[in-house]
Amino acid sequence: MSTIDPNLRIGSVALAVSDLGRSADFYERVLGLPLIEREEHSARLGPDPRRAALVLSDIADPTPLPPGATGLYHVAWLHPDRAVLAESVRRVAAARWPFEGASDHGVSEALYLSDPDGLGIELYADRPRERWERPADGNGVRMVTLPLDLDDLLAQFTDEPALEVSPDTGIGHVHLKVADVPRAAAFYRDALGLEEQAQLPSAAFLAAGGYHHHVGLNSWQSQGAAGAPDSAPGLRAIEFELAGEDALDALERTLADADAASQPSLARGADGELTVRDPDGQLLSFAHS
């Protein structure tokens with residue numbers, strides 16, 4: 001089985017939202033993502049002005065996000081170190097936006113919240129890779145869910161937070177709600193070439209290059225469910241970046257050798273971008289940097 005480019009990273013995500021102005025304000029003011037461009041029906045935000053990490057689009061006639069549907073569990077914003085994470089936590093708290101949870105996962109420290117539409121967000125920082133605990137066979141990582149020492153984290157940054165997030169902050173992983181974890185994991189592992197790093201009850205975590213996970217999958221609330229309608233807020237696309245044209249061509253060959261290649265959703269655009277949908281219908285795109 002071929003593995004995907006170990007230099008894979010998540011370049012951006014696209015979200016559809018019920019109120020563009022409200023969501024753009026939240027991501028800019030509360031999360032600290034600089035606004036790059038605002039148009040009538042869309043907004044582009046992110047620390048790098050040359051390329052948006054977050055693309056928001058409005059929904060003409062929005063309906064509520066149905067509970068239990070497949071789709072986004074959370075977008076996880078990776079901070080370069082604990083001090084930068086602490087600064088983001090203080091920024092959110094200063095905006096009086098509520099956190100919904102906080103955990104020490106062993107490999108990382110994380111806090112959780114939701115955007116105005118109830119779409120999940122994780123703010124996290126990794127521990128050094130040499131400190132990640134690994135199973136006895138050396139394959140994958142051991143991830144845990146323990147209480148986060150919030151006082152110790154906040155002590156890493158005690159000044160007033162800047163209005164904008166650190167430019168080294170980006171999307172570290174995306175966690176999805178799926179209808180069937182083994183089916184989804186097989187696609188991301190066998191068709192795309194990600195490596196399974198960890199499992200929890202009804203959840204799987206897959207990554208490239210030995211990372212703890214670029215993609216999380218769970219069916220805790222969505223076992224056997226269908227996706228939300230297009231009129232509901234949610235994740236519209238995940239864009240992955242590979243190291244170069246050769247890596248993109250290799251991925252296309254991997255997909256061509258997999259059963260998933262029979263899907264009519266598999267396509268190669270004029271700009272070279274490769275797109276495919278996962279078993280739950282989530283649009284994934286791959287481009288080279």
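Here are some numbered notes on the predicted model above, for you to follow alongside the structure.

1. Ground rules. In this predicted model, local features need pLDDT of at least 70 and side-chain atom pairs count only at pLDDT 80 or more, while totals for chains, interfaces and linings use all residues. Residues are numbered from 1 along each chain as its sequence is written, and side-chain values use heavy atoms, with hydrogens and water left out.

2. D5 sits in the segment before β1 (9-17); helices (H or I, at least four residues) and strands (E, at least two) are DSSP runs, numbered from the N terminus. D5 is buried but has no salt bridge, and R9, the nearest side chain of opposite charge, is 10 Å away. Here buried means under 20% relative accessible area, exposed over 50%, and partly exposed in between (1.4 Å probe, protein chains only). Lys and Arg count as positive, Asp and Glu as negative, and His and the chain ends are not counted. A salt bridge is a side-chain nitrogen of Lys or Arg within 4 Å of a carboxyl oxygen of Asp or Glu.

3. What surrounds D5? Setting aside residues up to four places away in sequence, D5 touches A208, L242, A243 and A247, where contact means heavy atoms within 4.5 Å. A polar atom of the D5 side chain also lies 3.0 Å from the backbone nitrogen of N7.

4. The structure holds 18 salt bridges. One of them joins the side chains of R50 and D48 at 3.0 Å, N to O; R50 is exposed, at 73% relative accessible area, and D48 is partly exposed, at 27%. In another, E239 pairs with R51, and the closest N and O atoms are 1.8 Å apart. E239 lies in strand β13 (residues 234-242) and R51 in the loop between β3 (42-45) and β4 (54-58), so this pair ties together parts that are 188 residues apart in sequence. E239 counts as buried at 15% relative accessibility, whereas R51 is partly exposed at 33%.

5. R82 forms a salt bridge with E109, with 2.7 Å between the closest N and O atoms. Because R82 lies in helix α2 (residues 82-94) and E109 in strand β7 (residues 108-114), the pair links parts that are 27 residues apart in sequence. R82 is partly exposed at 25%, and E109 is buried at 4%. Salt bridges that share partners join R82, D104, E109, R127 and D152 into one network.

6. The nonpolar cores. The largest nonpolar core has 66 residues, of which Y27, L31, L56, W77, Y188 and F286 touch the most other members. A nonpolar core is a set of buried Ala, Val, Leu, Ile, Met, Phe, Trp, Tyr and Cys residues joined through side-chain atoms within 4.5 Å. Helix α4 (residues 181-191) supplies the largest share of this core, six residues. Apart from it lies another core, of 13 residues, including A110, W132, A203 and F205.

7. Strand β5. Which strands pair with β5 (residues 71-79)? Strand β9 (residues 170-177) pairs with β5 in the antiparallel sense over seven bridges, with V75 opposite V174. Strand β8 (residues 120-126) pairs with β5 in the parallel sense over five bridges, and E122 is the bridge partner of A76. Two strands pair if DSSP finds at least two bridges between them.

Key. Polar contact = N/O pair within 3.5 Å; in protein donor to acceptor, adjacent residues only side chain to side chain.
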